[in-house]
Amino acid sequence: MRIYKNTISFLSGIAVSIFLSITYSHISRTLTSSTQARDTYTVRHEAENRRATLDLSQKVRVLCWVMTQPQHLESRTQHVRATWGKHCNIILYMSSKESDFPTVGLNVSEGRSQLYWKTIRAFQHIHTHHLDDADWFLKADDDTFVVLENLRYSLSKNNTEEPLYFGRRFVPFVAQGYMSGGAGYVLSKEALRRFVKGFADGLCTHNTEVEDIGLGKCMEAMKVKMGDSRDELGRQTFHPYPPDYYLLKQPPRPRPWYLQYEHYDPVEGPGCCSDLAISFHYMDAVKMHTLEYYTYHLRAYGYKYRFNPD
């Protein structure tokens with residue numbers, strides 16, 4: 001009887017071993033196949049994403065001009081060049097002095113009172129030298145971070161031969177409103193033509209030292225329409241302040257000072273900002289490189305993005 005029980009135990013052990021071996025082999029093959037399929041999917045779609053980005057960069061050509069000054073080249077402007085500036089079709093750094101950085105020297109002095117003159121001269125320079133080199137013309141400060149791919153996607157729905165300009169829409173001082181200078185704004189080719197023509201014909205003048213208000217008044221005088229840059233869910237894409245000003249959920253309260261100029265009712269908390277955000281302002285060097293990492297490098301393994309804009 002003892003021999004019989006030992007034999008049964010031995011044979012059972014062999015059977016269990018065979019079963020586990022077969023099961024492990026099957027699971028291993030399944031996991032390997034799944035991993036290979038996932039890797040193939042990832043590689044294929046990364047290639048598709050790169051191709052889509054490249055195609056869009058040729059269909060929606062954006063010239064970026066960055067408002068800067070000599071004393072900011074090391075502390076700010078070099079970080080624009082090292083991060084988002086690489087994604088523009090053309091990028092120009094506009095300053096009061098020409099330099100090997102390189103910067104374009106404009107016939108202006110430095111200082112806050114000269115910002116609108118710098119804007120006027122910059123757009124005149126671009127109109128003279130680069131009108132046919134791009135479809136859209138973005139102005140940004142040297143402490144603004146811009147996601148060019150999201151900007152191009154937003155602009156792709158519009159015709160650059162229509163008089164349009166986009167940005168973060170503010171309400172006071174100009175009847176139709178104006179776009180925040182710090183968040184950056186973008187002019188269509190026709191809007192650029194009209195802006196330059198407005199000064200040539202005397203319909204636009206340097207009537208304020210405040211750059212974004214002055215440009216907004218000229219846009220209104222020249223019948224340039226303000227575009228709605230919000231996404232399909234009504235969330236903002238251009239932001240005059242860093243992300244932490246908007247992303248934290250706040251209790252009910254009067255509007256803080258930085259939201260008092262908003263044309264659209266502001267939202268605080270995660271619903272504040274589009275998944276396809278375009279810009280954030282007041283970004284120092286550390287914040288700029290951090291946002292560059294979050295935008296172009298950080299991924300959640302195995303996470304399938306929830307939003308397909310197409």
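# Aromatic pairs and the mixed sheet

Tyr294 has a relative accessible area of 48% and is partly exposed in this structure, which is a predicted model. Tyr293, at 42% relative accessibility, likewise counts as partly exposed.

**Aromatic pairs and charges over rings**

A pair of aromatic rings is described by the distance of the centres and the angle of the planes. The model contains 14 aromatic pairs. One of them joins Tyr241 and Trp257 in an edge-to-face arrangement, with 5.5 Å from centre to centre and 90 degrees between the planes. This pair links distant parts of the chain, its two residues being 16 residues apart. Tyr241 belongs to the loop between strand 11 (238–239) and helix 7 (244–247), while Trp257 belongs to the loop between helix 7 and strand 12 (279–280). The relative accessible area of Tyr241 is 14%, so this residue is buried, the cut-off for burial being under 20%. Trp257, by contrast, counts as exposed because its relative accessibility is 55%, exposure being set at over 50%. In the pair formed by Tyr293 and Tyr294, the ring centres are 5.8 Å apart and the planes stand at 50 degrees, so the pair is tilted.

Ring pairs also connect Trp65, Tyr116, Phe123, Phe195 and Phe199 into a cluster. Charged side chains lie over rings as well: Arg81 is over the face of Phe101, 4.0 Å from the ring centre, and Arg230 is over the face of Tyr264, at 3.6 Å from the ring centre.

**The sheet and its helices**

Strands of a sheet pair through backbone hydrogen bonds, either parallel or antiparallel. Here, 7 strands form an open sheet of mixed pairing, in the order 3-2-1-4-9-6-10. Strand 3 (104–105) and strand 10 (225–226) stand at the edges; each has a single partner strand, so one side of each is left without a neighbour in the sheet. The table lists pairings within this sheet.

| Strands | Sense | Bridges |
|---|---|---|
| Strand 1 (residues 62–67) and strand 4 | parallel | 6 bridges |
| Strand 4 and strand 9 (residues 185–188) | antiparallel | 4 bridges |
| Strand 6 (residues 164–166) and strand 9 | antiparallel | 2 bridges |

The bridge partner of Val66 is Ala140 in strand 4. Val186 in strand 9 stands opposite Leu138 and also opposite Phe166. Helix 3 (residues 115–130) packs on the sheet and touches strand 1, strand 2 (90–95), strand 3, strand 4 and strand 9. The direction of helix 3 makes about 150 degrees with that of strand 1. Helix 4 (residues 148–155) packs on the sheet too, touching strand 1, strand 4, strand 6 and strand 9, and its direction makes about 125 degrees with that of strand 1.

Strand 4 (residues 136–141) is mostly covered, with 6 of its 6 residues buried. Trp136, Leu138 and Ala140 point one way from strand 4, and Phe137, Lys139 and Asp141 point the other way.

In helix 2 (residues 73–82), the buried residues are Leu73, Thr77, His79 and Val80. Their cover includes strand 1, strand 2 and helix 8 (285–296).

Methods: Residues numbered from 1 in each chain as written. Predicted model: local features only at pLDDT ≥ 70, side-chain atom pairs only at ≥ 80, totals over all residues. Heavy atoms only, no water. Buried < 20%, exposed > 50% of the residue type's maximum accessible area, 1.4 Å probe, protein only. Pairing = 2+ DSSP bridges. Phe/Tyr/Trp six-rings, centres within 6.5 Å; stacked < 30°, edge-to-face > 60°. Lys NZ or Arg CZ within 6 Å of the ring centre and 35° of its normal. Contact = heavy atoms within 4.5 Å. Axes fitted to C-alpha atoms, helices over the stretch in contact; angles between N-to-C directions.
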